[in-house]
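This briefing is for a reader who is new to the structure. Please look over the sequence and the model before reading on.

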Amino acid sequence: MQDEPTPEELIKAVADFLRSDIAPGVSGHNAFKLRVSINALDLVSRQLTLEQDSDAAEVSRLSQLLGVQGSLTALNRALADRIAKGELDLQTPGLAEHLWQTTMDKLAVDQPNYASYKRELGEGGPATKPSS
Amino acid sequence: MIEEQLGRGVASWCPGATGVAGAVRLSGGASQETWSFDIVHPDGNIGAILRRAPPGYGASPTRAAGLDAEATLMQLAHDAGLPSPRVMHVLTPKDELGTGFIMQRVDGETIARKILRDQQFAKARPILARQLGKVAAGIHGLPASKLPKLRQMTTTKEIADLEREYRSFDWPRPVFELALRWLRQRDPGPSDQMTLVHGDFRHGNLIIGPDGVRAVLDWELAHIGDPMEDLGWICVNSWRFGEIDKPVGGFGSREELFAGYESTGRRVDPERVTFWEVMGTLRWGVMCCGMMQRFRSGPEHSIERAMIGRRSSETEIDLLRLLAPRRA
């Protein structure tokens with residue numbers, strides 16, 4: 001077992017330091033790159049906080065959908081393959097809901113400020129029958 | 001150094017010019033550069049732009065039209081009265097500047113967030129979609145006999161290209177699979193009209209002033225194909241910059257875009273436009289994945305590219321909103 005502080009805490013401390021103390025004194029292209037770098041640290045923080053739960057839920061949905069067990073990557077490969085072959089599509093019970101949930105979980109880490117994500121978060125709720 | 005090189009030959013293509021000044025590099029990677037500079041002229045300085053592949057970087061990627069073709073297209077557009085800078089000079093070996101061309105500099109803004117939010121563009125925003133519809137129709141109407149040699153694209157070829165590129169990443173993306181399947185099943189086949197297609201008709205490649213669109217830039221992806229591609233691409237959500245209820249670049253409606261387009265006598269096929277919007281959304285997603293590959297394999301180790309890789313999920317939510325909307 002590793003000691004504290006946790007990676008989450010360390011990364012957040014670094015990101016906060018760069019944001020509050022360093023960024024105001026940097027200009028030009030480096031300011032842009034610094035902003036991107038801080039965004040990257042924030043993304044890592046969100047991933048460290050959220051990934052374990054969302055991965056576990058994704059594995060369990062995938063196992064149910066595909067009727068097999070496996071690692072998250074193996075299950076995703078199997079799902080991609082079966083969609084490509086047309087064995088699963090939007091008419092398959094649970095597929096649209098699964099893709100929506102998985103995508104929402106990705107956006108929560110990658111870009112929680114993305115307008116489409118915020119819209120779906122507000123108007124979300126259980127997936128209804130797909131249109132096509 | 002580039003000022004000196006430009007200055008040496010400037011009088012040969014701009015009569016009366018005595019030199020160049022104020023050269024600054026604007027953007028671009030190693031293989032393609034854009035420079036802004038002023039031509040010093042007794043009648044008053046002239047703002048100019050150099051777009052070039054430096055010596056030794058002649059080969060262009062397979063999708064690129066090539067700088068000579070770009071110059072021809074810009075000049076054709078200019079001559080047809082479309083918003084396009086005048087091409088002043090196409091580089092020759094004598095210039096020792098590589099391949100490329102020099103065009104007139106057009107003042108205005110290309111940054112989407114400014115165009116969508118700054119007060120100075122408040123009067124332009126409501127008219128842009130209609131204007132751009134008209135401009136797109138003008139591009140599609142350029143005479144085929146005068147066009148340079150360009151690659152020909154069809155929906156079927158584009159789907160195959162996207163699929164090949166996506167598969168090369170060897171990373172499972174069920175939403176992309178769904179989109180590829182959707183595209184293949186609804187592939188409308190070759191368009192009954194094959195025209196010049198700009199290929200990258202969106203924010204970043206449009207110079208906007210307070211009075212509206214002033215120039216269409218960057219013809220690198222120009223090709224012959226289905227003209228509806230340009231109308232679909234400009235509606236891709238990634239170019240709305242948060243203004244998601246205004247499908248055309250975050251400033252206008254499809255109806256306005258189509259009305260401007262049809263005011264020229266050309267026809268819009270809305271179903272094909274939607275098809276290309278889905279294709280374009282997937283294409284941007286695949287391009288984001290490509291950025292991540294380049295981050296990993298390239299020598300620059302660019303954090304920007306790495307973070308663009310993490311934007312492919314944005315196109316996944318947009319694809320789901322298009323293909324499997326949660327509300328009726």
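This is a predicted model: local features need pLDDT of at least 70, side-chain atom pairs count only at pLDDT 80 or more; totals for chains, interfaces and linings use all residues.

Residues are numbered from 1 along each chain as its sequence is written, and chains are lettered from A and ligands numbered from 1 in the order in which they are written.

**The sheet of chain B**

- Chain B has an open sheet of five strands in the order β1-β2-β3-β5-β4, with antiparallel pairing. Strands (E, at least two residues) and helices (H or I, at least four) are DSSP runs numbered from the N terminus, and two strands pair if DSSP finds at least two bridges between them.
- β1 (19-27) and β4 (87-90) of chain B are at the edges with a single partner strand each, so each has one side without a neighbour in the sheet.
- On average, neighbouring strands of this sheet are turned by 25° against each other, direction ignored. Axes are lines fitted to C-alpha atoms, for helices over the stretch in contact, and angles between N-to-C directions run from 0 to 180 degrees.
- Helix α1 (residues 2-13) of chain B packs on the sheet and touches β1, β2 (33-40), β3 and β4 of chain B. The direction of this helix makes about 125° with that of β1(B). Residues are in contact if their C-beta atoms, placed from the backbone, lie within 7 Å.
- β2(B) and β3(B) run antiparallel and are joined by seven bridges, with Glu33(B) paired to Arg52(B) in β3(B).
- Five residues separate β2(B) and β3(B) in a hairpin, and Gly44(B) in the turn has a positive phi of about 120°.
- Six bridges link β3 (residues 46-53) and β5 (residues 99-104) of chain B in the antiparallel sense. Arg51(B) stands opposite Phe101(B) in β5(B), and Ala48(B) has Gln104(B) as its bridge partner in β5(B).

**Domains of chain B**

- Chain B is divided into domain 1 (2-10 + 18-104) and domain 2 (112-323); the bounds come from an automatic or database domain assignment.
- The C-alpha centres of domain 1 and domain 2 of chain B are 25 Å apart.
- Domain 1 of chain B gives 16 residues to the contact and domain 2 of chain B gives 15 residues.

**Contact between the chains**

- Chain A puts 35 residues into the contact and chain B puts in 29 residues.
- On the side of chain A that touches chain B, α2 (29-66), α3 (72-84), α4 (95-110) and α5 (115-123) of chain A each supply at least two residues. α4(A) gives the most, with seven residues.
- This side of chain A has 17 nonpolar, eleven polar and seven charged residues. Ala, Val, Leu, Ile, Met, Phe, Trp, Tyr, Cys and Pro count as nonpolar, Asp, Glu, Lys and Arg as charged, and the others, Gly among them, as polar.

**The bent helix of chain A**

- α2(A) bends by about 50° at Leu50(A), the bend being the angle between axes fitted to the seven residues ending there and the seven starting there.
- α2(A) spans only 48 Å between its end C-alpha atoms, whereas a straight helix of 38 residues would span 56 Å at 1.5 Å a residue. The expected span is 1.5 Å times one less than the number of residues.
- Gly67(A) follows α2(A) and has a positive phi, near 70°.

**Backbone details**

- Most residues other than glycine have a negative phi, and most peptide bonds are trans.
- Asp170(B) is not a glycine, yet has a positive phi of about 50°. Asp170(B) is in the loop between α5 (155-168) and α6 (174-186) of chain B.
- Glu4(A) and Pro5(A) are joined by a cis peptide bond, with omega about 0°. Pro5(A) is in the segment before α1 (7-22) of chain A.

Note on methods: Two residues are in contact if their C-beta atoms, placed from the backbone, lie within 7 Å.
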